[in-house]
Every structure is written in structure tokens, then in C-alpha cells.
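Here's a quick briefing to read with the model open beside you. Take a look at the picture first, then work through the notes.

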Amino acid sequence: MRPVLTHLALHVRDLDTSMAFYRDYCGMQVVHERAADGRRVVWLAEPGREQEFIFVLVPGGPGKP
């Protein structure tokens, strides 16, 4: 079976602003949200494509405020 890209994790400076961008300009919606290491992690997908491709938004990251 050929590998398929299903998730893309993005470190973002401002989680709420990034969520609004992907919602308002790309039509994505939150499909999962949880706390990891005291930070919110949000999964977004286009409606109907939740099983195909997910953006995972993670606040901060190595060397980032």
C-alpha cells in the first residue's frame, strides 16, 4: 500500500487567530481539540474530509515564543 499524507502539524504563534483564518478563509472546522502539556492542540478539516486530511495546530514550538 502506498503511503498517504493525512495530517500536517503546524506550530502557530496565536492559536485562536490561526483557527479563525483556516475557518474563515479555508472553510475548515474544528474536528478535535485537547490539551497536551498544558497547551491546547486543535485539529481542523474541511467538512466531509475529516478522514482524509487534518491540520493540527500546535501553539509555539522549539525556539518560538
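Serine 18 sits in helix 1. This is a predicted model, and in it serine 18 counts as buried because its relative accessible area is 15%, with under 20% as the cut-off. Setting aside its neighbours within four places in sequence, serine 18 is in contact with Val12 and Leu57.

**Helix 1, end to end**

- Aspartate 14 is worth a look at the start of helix 1: one of its side-chain oxygens comes to within 3.2 Å of the backbone nitrogen of aspartate 16.
- After helix 1 comes glycine 27, which has a positive phi, near 70°.

- Which residues of helix 1 are buried? They are Leu15, Ser18, Met19 and Tyr22.
- Looking down the axis of helix 1, you'd find these buried residues within an arc of 100°, so they line one face of the helix.
- As background, an α-helix has 3.6 residues a turn, so residues three or four places apart point the same way.
- The cover over the buried residues of helix 1 includes strand 1 (7-12), strand 2 (29-36), strand 3 and strand 4.

**Nonpolar cores**

- The largest nonpolar core has nine residues in all: Val12, Leu15, Met19, Tyr22, Met28, Val42, Leu44, Phe55 and Leu57.
- Helix 1, strand 3 (39-45) and strand 4 are the elements that give two or more residues to this core.
- Helix 1 gives the most to this core, with three residues.
- There's also a second, separate core of five residues, and among them are Val41, Ala45, Ile54 and Val58.
- Back in the largest core, valine 42 has its own list of contacts: leaving out neighbours within four places in sequence, valine 42 touches Leu15, Met19, Val30, His32, Glu33, Phe55, Val56 and Leu57.
- In soluble globular proteins, nonpolar side chains tend to be buried together.

**Aromatic pairs**

- How many aromatic pairs does the structure hold? There are four.
- One of them joins phenylalanine 21 and tyrosine 25 in a tilted arrangement, 5.4 Å centre to centre with 35° between the planes.
- Both phenylalanine 21 and tyrosine 25 belong to helix 1 (residues 15-26), where they are four residues apart, about one turn of the helix.
- Phenylalanine 21 counts as partly exposed because its relative accessibility is 40%, while tyrosine 25, at 65%, counts as exposed.
- Tyrosine 22 and phenylalanine 55 make an edge-to-face pair, with 5.1 Å centre to centre and 85° between the planes.
- That pair links distant parts of the chain, since tyrosine 22 is in helix 1 and phenylalanine 55 is in strand 4 (residues 54-59), 33 residues apart.
- Are the two partners buried or exposed? Tyrosine 22 is buried, at 17% relative accessibility, and phenylalanine 55 is buried too, at 14%.
- Phe21, Tyr22, Tyr25, Phe53 and Phe55 form one aromatic cluster.

Definitions and conventions. Residues are numbered from 1 along each chain as its sequence is written. This is a predicted model: local features need pLDDT of at least 70, side-chain atom pairs count only at pLDDT 80 or more; totals for chains, interfaces and linings use all residues. Side-chain values use heavy atoms; hydrogens and water are left out. Rings of Phe, Tyr and Trp (its six-membered ring) pair if their centres lie within 6.5 Å; planes under 30 degrees apart count as stacked, over 60 as edge-to-face and the rest as tilted. Buried means under 20% relative accessible area, exposed over 50%, partly exposed in between (1.4 Å probe, protein chains only). Contact means heavy atoms within 4.5 Å. A nonpolar core is a set of buried Ala, Val, Leu, Ile, Met, Phe, Trp, Tyr and Cys residues joined through side-chain atoms within 4.5 Å. The arc is that of the directions from the helix axis to the C-beta atoms. A polar contact is a pair of N or O atoms within 3.5 Å; within protein, one must be able to donate a hydrogen and the other to accept it, and residues adjacent in sequence count only if both atoms are side-chain atoms.
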